[in-house]
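Reader: I'd like to go through this one label by label and hear what stands behind each. Can we do that?

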Amino acid sequence: MFEWLESFEWLEWLESEIMPSATLQLTPDQIAFFHREGYLSISAITTADEVVQLCGLYDRLFETRAGRDVGDHLDLTSHDDDSEAQAPSLPQILNPAKYAPELANTHLRANASAIARQLFGPSTAFRFDHAIRKPARTGAATPWHQDEAYADPALDYHEVSIWIPLQEATVENGCMWFVPRSHTLDVVPHHPIGNDPRIVGLEVDNPDAVATGSVACPLPPGGATLHHCRTLHYTGPNISAGPRRAYILAFGAPPTRRESLRRFIWLEQQHTNWHERSLAAKKRPRDAPT
Ligand code: NI
């Protein structure tokens, strides 16, 4: 017992030495705004120095297509087939901290974790991270959707996504847009982009009706938007001369089983190359060549 205590204390000390501590707190007004409107915009979640450092690391992950073999790299808007000649228009990396562990020891992560706990309580934990890079001039729009439309319909989710641009985010390069108070809806009907079941990206069925009353949230580099997993959101195409880099962290309580059944027909119809790669990686013995 005594030994266990000693090692636990040592680990706590080590963590406090390595992990930056949080330097940010939401005000009561910001917390109330998030719960009422389903989103929030904040001007800084990390330092300018850290943004520069993360930018280089982020671009390297996309240049090397980190996690491609195991289904952690995909294009949201195409058939995402390696034989297709065109460059991806909306490349995404799932779990980037798996390929760049430095991402877990950042001011950004410490602050994101602290504010997520302010929103959902002390049992709130890190759920996953991902990154979406819109290439200069050719980056596609991310259509109107709710994040929960991608998830298991048998479960209810209690999550917040914290979206951080690593350069300025503008209407021209694809900043976030939200429909205020849409987090009070259940998941609305979606379909794969272009009604093509080979495409991973989803879109709501009536985007023009849904977008009524939406608000754009331009941000400086290292700012952040927060949104609930049911909040309707969108980013426009990147028509600017530079890439739009967004790093996204999801926090929340574990999902809970729903009492009422629902079906996400759009997921049942999908058959994507990304899914094939993920399944193949799960079946592959760990030491097999890839
Ligand atoms: Ni989303």
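Predicted model: local features only at pLDDT ≥ 70, side-chain atom pairs only at ≥ 80, totals over all residues.

Reader: On to the metal. What makes His 145, Asp 147 and His 233 donors of the nickel ion?

Author: A donor is an N, O or S atom within 2.8 Å of a metal such as this one. NE2 of His 145, OD of Asp 147 and NE2 of His 233 coordinate the nickel ion at 2.1 Å, so they pass that cut-off. Water is not among the atoms, so the site may look incomplete.

Reader: How are these donor residues spaced in sequence?

Author: The pattern is H-x1-D-x85-H. The two histidines link distant parts of the chain: His 145 belongs to strand β5 (residues 142-145) and His 233 to strand β12 (residues 233-235), 88 residues apart. Both His 145 and His 233 are buried.

Reader: Why is Arg 262 called buried?

Author: Its relative accessibility is 15%, so Arg 262 counts as buried, the limit being 20%. Arg 262 sits in the loop between β13 (244-257) and α6 (265-269).

Reader: What makes the pairing of Arg 262 with Asp 186 a polar contact?

Author: The cut-off for a pair of N or O atoms is 3.5 Å, with one able to donate a hydrogen and the other to accept it. The side chains of Arg 262 and Asp 186 make their polar contact at 2.9 Å. A polar atom of the Arg 262 side chain also lies 2.9 Å from the backbone oxygen of Pro 153. Beyond four places in sequence, the residues in contact with Arg 262 include Glu 148, Asp 152, Leu 155 and Arg 230.

Reader: What about Asp 80: how do you know whether it is buried or exposed?

Author: Its relative accessible area is 6%, so Asp 80 is buried. The residue is in the loop between β2 and β3. Its side chain makes a polar contact with the side chain of Arg 277, at 2.8 Å. Leaving aside neighbours within four places, Asp 80 is in contact with several residues, among them Arg 68, His 73, Asn 273 and Trp 274.

Reader: Why is Asn 95 called partly exposed?

Author: Partly exposed runs between the buried limit of 20% and the exposed limit of 50%. Asn 95, in the loop between β3 and α4 (107-120), has 26% relative accessibility, so it counts as partly exposed.

Reader: What makes Ala 87 and Thr 170 buried or exposed?

Author: Ala 87 is at 60%, so it counts as exposed; its place is in the loop between β2 (73-75) and β3 (91-94). Thr 170 is at 18%, so it counts as buried. Thr 170 lies in the loop between β6 (155-165) and β7 (176-178).

Reader: Zooming out, why is the protein called as compact as a globular one of its length?

Author: The protein has 7 helices and 13 strands. Its radius of gyration is 19 Å, close to the 19 Å from the globule rule for 290 residues, so it is as compact as a globular protein of that length. Of the 290 residues, 50% count as buried. Among contacts between residues at least 6 apart in sequence, 85% join residues at least 24 apart.

Conventions:
Residues numbered from 1 in each chain as written. Heavy atoms only, no water. Donors = N, O, S within 2.8 Å, 3.2 Å for Na, K, Ca; no water. Helix = DSSP H or I, 4+ residues; strand = E, 2+ residues; numbered from the N terminus. Buried < 20%, exposed > 50% of the residue type's maximum accessible area, 1.4 Å probe, protein only. Contact = heavy atoms within 4.5 Å. Rg over C-alpha atoms; globule rule 2.2 N^0.38 Å.
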